[in-house]
Amino acid sequence: MEDQLLDTWSIHNRTNLYLLDAIAPESLKDVPASKGRSVGELFAHTHNVRLMWLQAAAAELMADLAKIEKEKAADKALLHRSLEESGRAIEKLLRNAIQAGGKVKGFKPHAVAFLAYLISHESYHVGEIGMTLTQSSHPLDKKVAYGIWEWCVR
């Protein structure tokens, strides 16, 4: 079961990276019609929330990780690298929590719920990203829009 849970997180993270890779760099500055975070800021927020949880639950896993400031949120290479790194750190956090009886420090009820929480939170923002790109006349290519659901190939 541990391998399946960790694989689920890895697939989810690769799907986020697949989405980021499909977005034109200039579209990272797109903002929704209702204002709010730009596309790049949504990706940065995803990374930064991961860091928040790492700080609370396993600060030792943050050694080489840094928050992405708003001014850097349009740097596609930085976003990609940061999401890869924070994704690996979250995987370690999950592995350690599962092996230690299923508890994540600062989160109730258990590690499986924590995994679901992270995926739910990040998927909400994936929807915002798709909506923002559409509103900005830069919709996702249909292959990519459907591709984020193809977990069996990610």
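**Figure 1. Surface and overall fold of the predicted model.** The accessible surface of the chain amounts to about 8,400 Å², and carbon and sulfur atoms account for 56% of it. The secondary structure consists of 5 helices and 0 strands, in the order α-α-α-α-α from the N terminus. The radius of gyration is 15 Å, close to the 15 Å given by the globule rule for 154 residues, so the chain is as compact as a globular protein of that length. The C-alpha trace spans about 50 × 35 × 25 Å along its principal axes. Of the 154 residues, 49% are buried. Among contacts between residues at least 6 apart in sequence, 70% join residues at least 24 apart.

**Figure 2. The largest nonpolar core and the contacts of Leu93.** This core has 25 residues, of which Trp9, Leu54, Ile90, Leu93, Leu94, Val104 and Phe114 touch the most other members. Helix 1 (2–22), helix 2, helix 3 (76–99) and helix 4 (111–135) each give two or more residues to the core. Helix 4 supplies the largest share, 6 residues. Beyond its neighbours within four places in sequence, Leu93 is in contact with Leu54, Ala57, Ala58, Leu61 and Phe114.

**Figure 3. A second, separate core.** This core holds 20 residues, including Leu17, Leu19, Leu28 and Ala44. In soluble globular proteins, nonpolar side chains tend to be buried together.

Figure 4. His47 counts as buried because its relative accessibility is 1%. The side chain of His47 makes a polar contact of 3.0 Å with the side chain of Ser86. Not counting residues up to four places away in sequence, His47 touches Ala66, Lys67, Ile68, Ser82, Leu83 and Ser86.

Terms used
Residues numbered from 1 in each chain as written. Predicted model: local features only at pLDDT ≥ 70, side-chain atom pairs only at ≥ 80, totals over all residues. Heavy atoms only, no water. Buried < 20%, exposed > 50% of the residue type's maximum accessible area, 1.4 Å probe, protein only. Polar contact = N/O pair within 3.5 Å; in protein donor to acceptor, adjacent residues only side chain to side chain. Contact = heavy atoms within 4.5 Å. Core = buried A, V, L, I, M, F, W, Y, C linked by side-chain atoms within 4.5 Å. Helix = DSSP H or I, 4+ residues; strand = E, 2+ residues; numbered from the N terminus. Rg over C-alpha atoms; globule rule 2.2 N^0.38 Å. Areas by Shrake-Rupley, 256 points an atom, 1.4 Å probe, with all protein chains shown as cover.
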